[in-house]
Amino acid sequence: MSATTVVRFVKDWALVFSMLTGAAAYLTFAAVSWLAPFRHTAMQVVRVVQPTLLFAMLFLSFCKVDPRRLRLRRIFLPMLAMQCVPFATLAIVPVLWPDSMLVCPVEAAMICLICPTATAATVVTVKLGGDAENVTSYLMLGNLACALLVPLIIPLVNPHAELSFWQSFLLIMGKIFPLLICPFLAAWAVRSFAPRLHARLAATRNLVFNFWICNLSLAIAVTTRHLVHTDAPFGVLLGIMLASLAACALQFRFGRLVGQRAGFPISSSQALGQKNTVFAIWMGYTFLDPVTSVAGGFYSIWHNVHNARQLHRAALRTRSATPERNKF
């Protein structure tokens with residue numbers, strides 16, 4: 001096997017290698033005793049580096065997006081319905097049968113459905129030849145829907161929660177705003193007041209994707225830590241795993257079916273299926289049974305494996321394949 005073939009193989013399956021690297025890094029830190037003094041420092045570094053990479057990645061992605069092309073589309077309505085209606089409907093189970101064994105898997109499915117679009121969705125969409133503006137428009141809409149609906153439903157599911165509607169709303173918006181709105185405003189400011197700098201930033205090709213590869217390793221390391229330290233029974237974990245898998249497959253498929261009718265199969269599928277799993281994990285242990293937070297970890301595995309397969313298939317096709325058309 002030639003060196004060129006090896007390099008091409010690694011690039012095609014970069015997401016898988018990134019996930020394996022993140023899991024191996026955490027397991028190494030956990031298993032090797034002489035690394036124990038560095039574990040706390042490593043976690044502190046991850047807490048700083050991860051949001052910094054997300055901000056930089058979003059900023060560069062938004063530099064490539066023309067704000068004038070962001071608009072609402074009719075296909076967003078069924079996509080929002082797929083997120084919001086099952087989320088609200090499934091809440092009936094923990095409300096009526098709070099002691100049922102189905103509560104944790106159902107809450108896991110709820111988290112995976114209502115969770116907003118991943119900040120990296122635009123990166124993968126562009127790599128697949130999709131429409132970045134379409135994903136960015138839905139990303140903002142989905143985050144707003146999540147911030148409005150979660151505080152309304154969660155107090156019914158978890159009546160012991162000590163947060164009021166507005167406290168929950170502000171808590172969620174405080175999690176979303178710095179990593180979503182600020183990069184967008186910064187990119188818009190650079191576009192308006194520093195056009196030369198903006199042109200250089202917009203001309204970068206693989207930098208955003210490389211940032212995502214690094215950030216994915218960190219996310220998987222955090223996810224692995226969460227899975228290793230959970231004390232949930234195997235049956236509950238299995239139910240959560242299957243619920244997250246079903247939610248992932250359903251949303252990717254539904255997004256593609258809806259998008260095909262409007263000419264946006266790639267971007268609609270990614271916008272609905274690729275989730276901000278770090279947010280999902282946080283939402284689980286903040287508002288629900290902490291065990292349900294592992295659903296975000298499982299979902300992270302499913303959607304990244306799916307995207308790795310998609311990127312591999314795209315790499316096998318000719319580089320001159322025509323991207324999906326922009327329809328406005």
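The side chain of S18 makes a polar contact with the side chain of S217, at 2.9 Å. This comes from a predicted model, and the values below are computed from that model.

S18 sits in helix α2, which covers residues 14–31. Its relative accessibility is 3%, and because buried means under 20%, S18 counts as buried. Leaving aside residues up to four places away in sequence, S18 touches I213, L216 and S217.

**I154 and its surroundings**

I154 belongs to helix α8, residues 132–157. With a relative accessible area of 4%, I154 is buried. Apart from residues up to four places away in sequence, I154 touches F87, F287 and L288. I154 and A88 are 66 residues apart in sequence, while their C-alpha atoms are 9.3 Å apart in space.

| Residue | Relative accessibility | Residues touched, beyond four places in sequence |
|---|---|---|
| I154 | 4% | F87, F287, L288 |

**Helix α12 and the residue after it**

How far apart are the end C-alpha atoms of helix α12? Helix α12 has 29 residues, 234–262, and at 1.5 Å a residue it should span 42 Å. Its end C-alpha atoms are 42 Å apart, so the two values agree. Just after α12, G263 takes a positive phi of about 90°.

Note on methods: Residues are numbered from 1 along each chain as its sequence is written. This is a predicted model: local features need pLDDT of at least 70, side-chain atom pairs count only at pLDDT 80 or more; totals for chains, interfaces and linings use all residues. Side-chain values use heavy atoms; hydrogens and water are left out. Helices (H or I, at least four residues) and strands (E, at least two) are DSSP runs, numbered from the N terminus. Buried means under 20% relative accessible area, exposed over 50%, partly exposed in between (1.4 Å probe, protein chains only). A polar contact is a pair of N or O atoms within 3.5 Å; within protein, one must be able to donate a hydrogen and the other to accept it, and residues adjacent in sequence count only if both atoms are side-chain atoms. Contact means heavy atoms within 4.5 Å. The expected span of a helix is 1.5 Å times one less than its number of residues.
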